Amino acid sequence: MSVRLSAIPGLPPLLACFGLLALWEMAAKVFGIAGLPPAHEALYELPAILSDPEALINILHSIRRMSVGFVLALAVAVPLGLAMGRSRIVAAFFNPLLMMIYPVPKAALMPIIMLWLGIGDAPKTLVIFLGVSLPISYHAYQGARAVEEKVLWSAAAMGMSPRWQLLRVVLPAALPEIFVGVRTGLVLALITMVTSEMIARQAGVGNILFNSLDMAQYDAVYATILIIAALGFGLDLAIERLRSWLIAWAEPVHQLAVGTA
Amino acid sequence: MATMIAIDGLSKAFAAAHTATERPALSDISLQIAEGEFVSIVGPSGCGKSTLLYMVGGFVAPSRGAVSVAGKPVTGPGPDRGPVFQEFALFPWKTVLGNVMYGLLQQGVNKPEAEAKARALISLVRLTGYERFYPKELSGGMKQRVAIARTLAYGPSILLMDEPFGALDAHTRTGLQNELLEIWERDRKTVLFVTHSVEEAVFLSDRVVVLTASPGRVKATIDIDLPRPRRRAELLVDRRYQTLMIRIEHLMDSPQVQP
């Protein structure tokens with residue numbers, strides 16, 4: 001009897017990671033470019049960065065800005081999307097605006113926003129907020145639009161007012177779709193977090209990355225990229241756990257699980 | 001008996017896509033339904049029979065005419081009229097118990113009382129043991145049982161049933177028809193029941209209203225004077241049942257009366 005490798009939880013993604021590292025190691029050996037140090041050198045650099053208090057503070061600042069931007073985006077984008085999904089007037093007003101802003105790279109707005117808000121936390125948090133708001137409001141809109149009319153009628157027959165229906169029927173019914181937006185938003189938050197720090201260099205993970213680059217410490221550059229990747233993976237896993245806990249009732253519409261193969 | 005639902009000159013037209021014209025769906029329906037009466041509406045698909053029920057429910061506004069319930073004009077949905085839809089329309093994020101309790105909590109009933117009442121109704125629709133299941137884990141027949149219990153829970157005096165068994169297989173369908181009659185015999189609520197099955201309408205109803213094809217008008221109203229409680233097997237050999245079935249099938253078949 002052969003044991004199927006894919007049946008062991010966590011093994012296939014682990015193998016893929018090792019495969020990538022091996023490929024990297026070989027490529028570094030073959031090409032011998034200064035800008036591409038072997039994988040093991042980047043890995044050796046990890047403990048140094050992770051035990052450096054200043055680096056840790058930088059990472060925490062990044063996470064804090066990202067969280068603030070993310071939570072603000074949730075608070076604004078979910079109600080907006082739900083209102084758009086249930087009111088044609090609201091949708092007609094906001095949808096063209098959102099569709100125009102969605103494809104604009106938010107980091108491209110950084111220089112302008114810095115003119116208004118300086119180089120501190122505010123402009124970085126604002127671009128993260130913008131980046132996250134769009135996918136979440138779009139998916140909340142789609143989710144609210146897809147709510148079955150008869151589910152709302154059933155609530156209306158119980159004496160529930162339209163305003164309460166939005167909170168107590170449309171919101172839970174749209175939650176699976178909202179989570180699709182949250183997941184996309186998280187990825188965008190991470191990207192805008194790093195790029196905003198690349199433009200307004202003062203603190204954060206992006207700052208460590210580009211400082212190392214300036215000093216030609218390529219192993220540290222790659223180690224930082226690994227840290228950012230691990231951060232994204234961990235946050236995504238957390239959102240996925242939250243999702244499966246909050247909406248266990250939903251039909252599996254989108255099977256997106258990353259950490260669970 | 002007192003009139004429970006009075007439908008007076010009710011018409012509905014929908015805006016037709018891509019044109020400035022309106023497509024009439026229902027035309028000049030007048031109908032009186034007595035308290036405790038079980039009335040079915042049958043007619044070819046597209047005759048607007050569901051739209052008629054939605055207007056009684058207050059979910060859709062009429063283009064002309066009016067509906068009044070217990071003497072009061074209908075202006076919107078209300079807990080005196082409980083709908084049951086073909087699509088079940090359960091709250092998917094709530095368990096069976098949560099769905100059945102929902103209307104009670106909405107009415108301000110306290111939680112222990114709502115739960116006790118919901119459990120009794122779940123047992124009435126034969127779903128004891130499924131209280132903690134989510135709708136996605138249930139079959140179509142079970143979902144519709146939950147929907148019926150959820151509507152009965154908040155005590156509407158009228159049930160508005162929109163092809164409730166239309167999405168179910170034949171076996172489940174006849175089972176639920178029997179259960180519905182058993183439940184109905186207990187307190188004889190007023191029921192307005194929309195179906196495209198003549199057999200179902202005759203088996204369940206006191207009166208069957210036949211509508212014409214689009215736009216729907218009342219073609220005939222037939223009293224179903226078959227004794228209750230009704231047994232399907234007995235009805236099949238009953239002369240009166242056969243006569244009624246043949247008569248209504250003829251009405252459904254005959255060429256449409258054009259306006």
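Which residues does B:Gly103 touch, not counting residues up to four places away in sequence? The residues are A:Met158, B:Arg150, B:Ala153 and B:Tyr154, where two residues are in contact if their C-beta atoms, placed from the backbone, lie within 7 Å.

## Basis of the model

This is a predicted model, in which local features need pLDDT of at least 70 and side-chain atom pairs count only at pLDDT 80 or more, while totals for chains, interfaces and linings use all residues. Residues are numbered from 1 along each chain as its sequence is written, and chains are lettered from A and ligands numbered from 1 in the order in which they are written.

## The setting of B:Gly103

B:Gly103 lies in helix H2 (residues 96-106) of chain B. Helices (H or I, at least four residues) and strands (E, at least two) are DSSP runs, numbered from the N terminus. B:Gly103 is buried, as 26 other C-beta atoms lie within 10 Å; a residue is called buried if 20 or more other C-beta atoms lie within 10 Å of its own, exposed if 12 or fewer, and partly exposed in between, with C-beta atoms placed from the backbone.

Between B:Gly103 and B:Gly46, which are 57 residues apart along the chain, the C-alpha atoms are separated by 31 Å.

## Contacts between the chains

In the contact between the two chains, 14 residues of chain A meet 21 residues of chain B. Helix H7 (residues 149-157) of chain A supplies the largest share of the chain A side, 6 residues.

By class, that side of chain A holds 9 nonpolar, 2 polar and 3 charged residues. Here Ala, Val, Leu, Ile, Met, Phe, Trp, Tyr, Cys and Pro count as nonpolar, Asp, Glu, Lys and Arg as charged, and the others, Gly among them, as polar.

## The sheet of chain B

Chain B has an open sheet of 4 strands in the order S2-S1-S4-S5, with antiparallel pairing; two strands pair if DSSP finds at least two bridges between them. Strand S2 (22-34) and S5 of chain B stand at the edges with a single partner strand each, so one side of each is left without a neighbour in the sheet. Helix H1 (residues 49-57) of chain B packs on the sheet and touches S1, S2 and S4 of chain B, its direction making about 120 degrees with that of S1(B). Axes are lines fitted to C-alpha atoms, for helices over the stretch in contact, and angles run from 0 to 180 degrees between N-to-C directions.

Strands S1 (residues 3-15) and S4 (residues 64-69) of chain B run antiparallel and are joined by 5 bridges. Within S4(B), B:Val67 is the bridge partner of B:Ile7, and B:Ala66 is that of B:Asp8. S4(B) is also joined by 2 bridges to strand S5 (residues 72-73) of chain B, again antiparallel, and B:Val69 has B:Lys72 as its bridge partner in S5(B). The hairpin of S4(B) and S5(B) has 2 residues between the strands, and B:Ala70 there takes a positive phi near 50 degrees.
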